[in-house]
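Try each task yourself before reading on.

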Amino acid sequence: MNGRERRQLDIVRRWGTIGALLLTVGSLGGGAAPIYSPLYGVPVLGLFSRMPSVAMGVVWTGIFMIVSAWLALGRFVKPGRPRLISRGQMDRTLLMWTVPLVFCVPMFSRDVYSYLAQSEIAARGLDPYELGPANALGVDHVLTRGVPNIWRETPAPYGPLFLAFGRLTAMLTGDHVVSGVFVHRLLVLVGLGMIVWALPRLAARFGVPPVGALWLGALNPLVLFHIVIGVHNDGLALGLMLVGLELAMRGLEPLKWSWITLGAGVIVCGAMVKIPAMAALGFLGVMVARKLGGQLKHLALVAAIMAGIAAVGVVVICLGTGFGFGWVETLNVASTVKSWMSPPTALGFLGAGTGIMLGLGNHTEAMISLTRLLGQGVSVVITIVLLWRSFKGRIKAMNGLGAALGAILVLGPVLQPWYVLWAAIPLATAVVGPKFRMFAMVTSAIIAIILPPTGSAFDGRAYTVPQAVAGAVITFAVCVLIARKRVGSFLRSDPAGGGQV
């Protein structure tokens with residue numbers, strides 16, 4: 001990159017870093033803090049918890065700055081651009097934006113407190129697939145108090161490998177919430193590290209610029225907000241899935257079953273954190289079958305081998321961790337939430353509402369069950385079609401995997417903002433089309449800014465969010481005006497000149 005472009009990149013980096021620092025500061029009062037927060041009463045730091053609107057305004061200002069910096073950074077990794085940002089520059093940018101977020105109070109969700117409670121249940125030798133936090137720990141236990149009411153009596157919906165990690169965490173931290181959150185965050189950071197390791201390698205295999213895959217995948221605001229800050233175990237599951245795919249693909253040229261088996265085993269480990277990762281085995285099998293000759297007999301043989309690897313891996317993990325197979329019965333725990341964000345659930349609400357208007361009675365539960373069943377059926381059909389098209393070589397297997405995971409989760413009974421990453425990250429390794437890039441960029445940016453940081457509703461305090469957002473918009477605009485000369489010159493310029501990195 002020439003000197004002008006390096007200066008432009010420096011502006012973008014610092015802009016995003018300031019946003020990350022604002023998120024860290026604002027999280028002290030605008031985040032999903034534990035019920036018994038150690039910040040209350042602490043000089044200076046405790047002040048933010050008494051000014052929720054101000055703290056949330058600071059958080060949203062940081063969100064706007066990171067999202068805008070990420071969008072600007074996208075110009076340096078645009079496919080076809082003669083001079084792309086280097087891998088070292090991308091890695092340093094990721095560190096600059098991530099390190100401050102490691103010290104954030106959890107935001108956007110309170111799921112990490114459920115992790116802590118379920119981990120403590122496992123550490124006590126009880127079955128987290130049979131008992132919820134309230135029954136196992138008691139309603140007044142410090143870890144139970146942090147769990148949202150809707151989940152206090154429900155068993156764990158996660159795989160046994162994740163609960164095994166959680167059990168170890170509980171043994172180390174006990175009922176200390178802050179240290180428990182920090183250790184769980186370190187665990188998902190390991191997942192992020194695996195994503196960073198695997199993404200550029202997979203992208204190179206499918207003809208995508210590695211820095212472009214890292215920009216859309218690892219540096220995506222949804223990763224920073226919901227994996228790093230939100231401490232969601234999706235990061236660990238995705239990391240294991242991608243590492244497994246990369247290891248297995250090392251056995252395709254030439255064919256080496258030892259690498260393929262190892263990679264498939266790592267994918268199974270990812271599925272034992274969160275089950276959607278198991279879909280990667282199907283698309284890995286398609287690639288192996290094509291390598292063997294691409295005939296139906298090869299597909300059937302590889303399908304049997306992958307099924308065998310999955311069965312052995314699941315049995316070993318379930319029995320090795322001591323949790324057994326109870327997770328199979330709790331996979332639908334999340335479906336107790338009926339959210340309009342899920343298209344099948346929204347369709348069920350719409351159908352039930354129409355029936356009520358027509359005087360046919362209230363059949364909301366039946367309609368939602370029906371539309372959810374139809375949604376899952378459609379997702380299965382879509383996945384089978386994508387597997388077949390991948391087998392025939394009509395689409396890249398990684399594109400098929402990303403689209404299949406997107407269909408499975410979008411058409412599932414529950415849809416959360418961070419579920420988008422299950423589709424976006426695999427697709428980032430294999431798609432270079434400008435339409436996909438624009439769609440993924442806009443979708444990620446919109447989702448990143450619409451979810452309140454506290455991870456909870458604002459019943460009785462509806463004014464809090466408008467005040468915080470209005471303050472953040474004004475503050476962000478002032479920041480842009482202050483830096484208008486440098487930022488303006490960057491936005492007016494086209495850093496796509498010729499030359500080499």
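**Exercise 1.** Work out how the end-to-end reach of helix α4 (residues 111-123) compares with the expected value.

*Solution.* Keep in mind that this is a predicted model. Start by counting: α4 has 13 residues. Next, go from the first C-alpha to the last, which gives 18 Å. That's close to the 18 Å expected at 1.5 Å a residue. Just past the end of α4, Gly 125 takes a positive phi of about 85 degrees.

**Exercise 2.** Decide whether α4 is largely enclosed or open, and find what covers its buried residues.

*Solution.* Buried means under 20% relative accessible area. By that cut-off 12 of the 13 residues of α4 are buried, so the helix is largely enclosed by the rest of the structure. The buried set includes Asp 111, Gln 118 and Glu 120, along with Val 112, Leu 116 and Ile 121. The cover includes α5 (133-137), α6 (142-146), α7 (160-173) and α8.

**Exercise 3.** Stay with α8 (residues 177-205) and classify Phe 182, which lies in it.

*Solution.* Phe 182 has 35% relative accessibility, so it counts as partly exposed.

**Exercise 4.** Find the residues that touch the most other members of the largest nonpolar core.

*Solution.* This core has 137 residues, and the picks are Leu 23, Leu 73, Phe 225, Met 241 and Leu 284. Helix α2 (residues 52-73) gives the largest share, 12 residues. Then zoom in on Leu 73: beyond its neighbours within four places in sequence, its contacts include Leu 9, Ile 85, Trp 97 and Trp 215.

Methods. Residues are numbered from 1 along each chain as its sequence is written. This is a predicted model: local features need pLDDT of at least 70, side-chain atom pairs count only at pLDDT 80 or more; totals for chains, interfaces and linings use all residues. Side-chain values use heavy atoms; hydrogens and water are left out. Helices (H or I, at least four residues) and strands (E, at least two) are DSSP runs, numbered from the N terminus. Buried means under 20% relative accessible area, exposed over 50%, partly exposed in between (1.4 Å probe, protein chains only). A nonpolar core is a set of buried Ala, Val, Leu, Ile, Met, Phe, Trp, Tyr and Cys residues joined through side-chain atoms within 4.5 Å. Contact means heavy atoms within 4.5 Å. The expected span of a helix is 1.5 Å times one less than its number of residues.
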